[in-house]
Each structure stands twice: as C-alpha cells, then as structure tokens.
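Here's a quick briefing on some side-chain packing. Have a look at the model first, then read on.

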Amino acid sequence: MSTKADAAKKAAEKEAQSWGTEPTGGPIPVTILTGFLGAGKTTLLNRILRENHGEKIAVIENEFGEEGVDNEILADTKEQIVEMNNGCICCTVRGDLIRILNSLYKRRAKGEFNFTRVIIETTGMADPAPVAQTFFADEKVNERYLLDAVVTVVDAKHGLTQLKDFSEAQQQVAFADRLLVSKTDVTAEDETQKLMERLRKLNVRAPIKKVNFGETPIQDLLDIRGFNLNAILEIQPDFLTSDDHEHHDEVHSFVIKSEKPLDVRKVDRYIGSLINLYGEQMLRYKGILYIKGEPRRVVFQGVHMMAGFDFASEWPDDAKKESTIVFIGRKLPEPLFRELFEDCIATDETPDDPKAYAQGRVE
C-alpha cells in the first residue's frame, strides 16, 4: 500500500475514533452507482436527485483525474455533494472514502447535514469490488451504513467493445445488483440484443433493464436490498481481503481550463476535429463552457464519436466564469489538444450570438 493510502487509512481511523456517542436509528442505506466512462451515470444520478421521492440524499462524487466537473453538472440540486478528485475511489482514496463516510455520519449526528441515504458515483474506471469492500472491512462504516445495492449503467453503443477491452467494465457488470442499459435509442436492435446476451453471461442474477436518459422507476434503484455478500464471494472468494487492483497505464486524463470566453463556432469546429482524429481513443470528455454572449453555463459531454451539449443554469453573479474540460482517453496527444483549444478563445470579432451554438448530439 502506498504512503498516501496509509495516511488516508490512519486519518479515517482517527476520525472514526474521535467521537463515541452513536445516534439512534438503523444504518444508512448506500447505493454504489457505477458504469464505464460515458455510460450515463451522472444522467441517472440527476434523474434520482430530481425525483419527488421524499428522500434526502448525500452524494459522494469520484472522478478519474485531478479535477472533475460533475459537481457543476449536479449544482442545480439541493443535495449534499462531496467530491473526491485525488484518485480512483477503488485505489489509494479508499481510506478517504472511509473518512468521508464517517465524517458525514458525524455531521449528521450534530445536525449539520440532514440525509437519509448515500449515493456513491464512482469513476468510470473503478472496479466496484474494493468500493463495496469498504462497507465490510471497516468496523465503524459497517455499523453506520448498509450497502443496499450496486447499480451499473452500461452503454449500449460502446458496451461490447468496453467489455472486451477493459476488465473494469467486466467487474462493474459482474458485481451489479441492477443492470441498466443506456443509449438504446442510438443503437441498432441486433447490437443491443448482443450486448444483453453478453451481460446475462457475465451476471445471471441481476435484472437488466433498458433506460432512456436515466428514466427508470425509483423503486428499481433504492431500497432494493440487492447486495448479497454470499453471491459476491462466489464471484471473488478473496473479496473481503484482496487489495489488488490495477488500471490500464495507457489511459490517462487531463484538464483544459480558460477564464476567457469562447467562440461557439470555434468550439464546434474544435470538438468536431478531435472526434474525427481521435474519437476512438477518446473514452470520455466533458466540461462546463463559458461562451461569449451566453448567460448560461453550457454543459458539454461526449463518448468516442458522440458528443452532446446542453444548457445549465445561469452563471451566478459572484461566480468565477471559466471553461473546464476533462479529457479521458488512450494515448491522447495532450499538447495538441491544448494547442488547438487556444483557437476557441473569443475575439472582438466574435458576435454576441448564442444562437450560433451547435446544439444537440453530434455524430
């Protein structure tokens, strides 16, 4: 275990032992929301948070890389959101996850936070096994929280390729208590059926359901008591003790930021050029864009050859306006991406015309 992981574990243990009186009531249910890069986890999470279900949800966000943007995408909700951007949740930050869970519980007992359940959205490169292991390996977490289910979102358009190329994608499916297949609206029916057959071979116990933009009944996701430790031990006998986990070294992430407003036409050309040149290598890309002449934040997301744009809330008066784009991919030429991005900066000749923005999915 690395020095960083040791320090995180010690901090978690110190946090757990720093207070003794436990609040009354049963353990808090936790849902682990997982799925490969770009599968639609954040879309589903937004759907859950906006549903009128009467639940108060604390969200723990984990993103692959040193900085994330999903917190901005979820900013219109009233839920408690905690970000973990210093690594993959299944690796060195597992101790941080223990610390955060215990800290949330403590603040709830003090009345600082009011939540009835927790949703953990993992990075798309996370193996859910070590994340689930947290709820059995740490005594305090085991007492305070109940692992309700692992919900996995699978991309119908790219799922078969991801399952072939990445062991993480296979683990996400194998450990699922619910499997949700997204993007079937842009996938041929025979391709979707091939994926469904592959999913059933990897996981015979989890119900499989097609979803469109996260639309699925809440009762299929929360309070399902789907996590079965005995079933997991059949899949991975060393589940409770194993610390082994490696990622593909060729997959990396980087962030491009700019405080200058962007020209929408140039952004459109920039993204189109990257898709044409490196679309198959771009596993996931997303961001918040500061567009000249547009009072709203523009949300930008893509997977391989597919990209989409949408409008979020207006920039708050006291907010720092800036664009932040995260790229995750295989052997991407980061210097070239940064160089080409400079051409997106708006100039005096850029019109204040937000209608010039190219909306919708680009294929």
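Is F337 buried or exposed? F337 is buried, with a relative accessible area of 0% (buried is under 20%, exposed over 50%, partly exposed in between, using a 1.4 Å probe and protein chains only). Keep in mind that this is a predicted model, where local features need pLDDT of at least 70, side-chain atom pairs count only at pLDDT 80 or more, and totals for chains, interfaces and linings use all residues. Residues are numbered from 1 along each chain as its sequence is written, and side-chain values use heavy atoms, with hydrogens and water left out.

**Aromatic pairs**
- The count comes to 11 aromatic pairs (Phe, Tyr and Trp rings, the six-membered one for Trp, with centres within 6.5 Å; planes under 30 degrees apart are stacked, over 60 edge-to-face, the rest tilted).
- F254 and F337 pair up edge-to-face, at 5.7 Å centre to centre and 85° between the planes.
- F254 sits in strand β8 (residues 251-258) and F337 in helix α12 (residues 334-341), so this pair ties together parts 83 residues apart in sequence (helices, H or I of at least four residues, and strands, E of at least two, are DSSP runs numbered from the N terminus).
- F254 is buried too, with a relative accessible area of 2%.
- F254 and F337 also belong to one aromatic cluster with Y278, Y285, F300, F309 and F327.

**Charge over ring**
- R296 has its charged end over the ring of F311, 3.8 Å from the centre (NZ of Lys or CZ of Arg within 6 Å of the ring centre and within 35 degrees of the ring normal).
- R108 does likewise over F115, at 5.7 Å from the ring centre.
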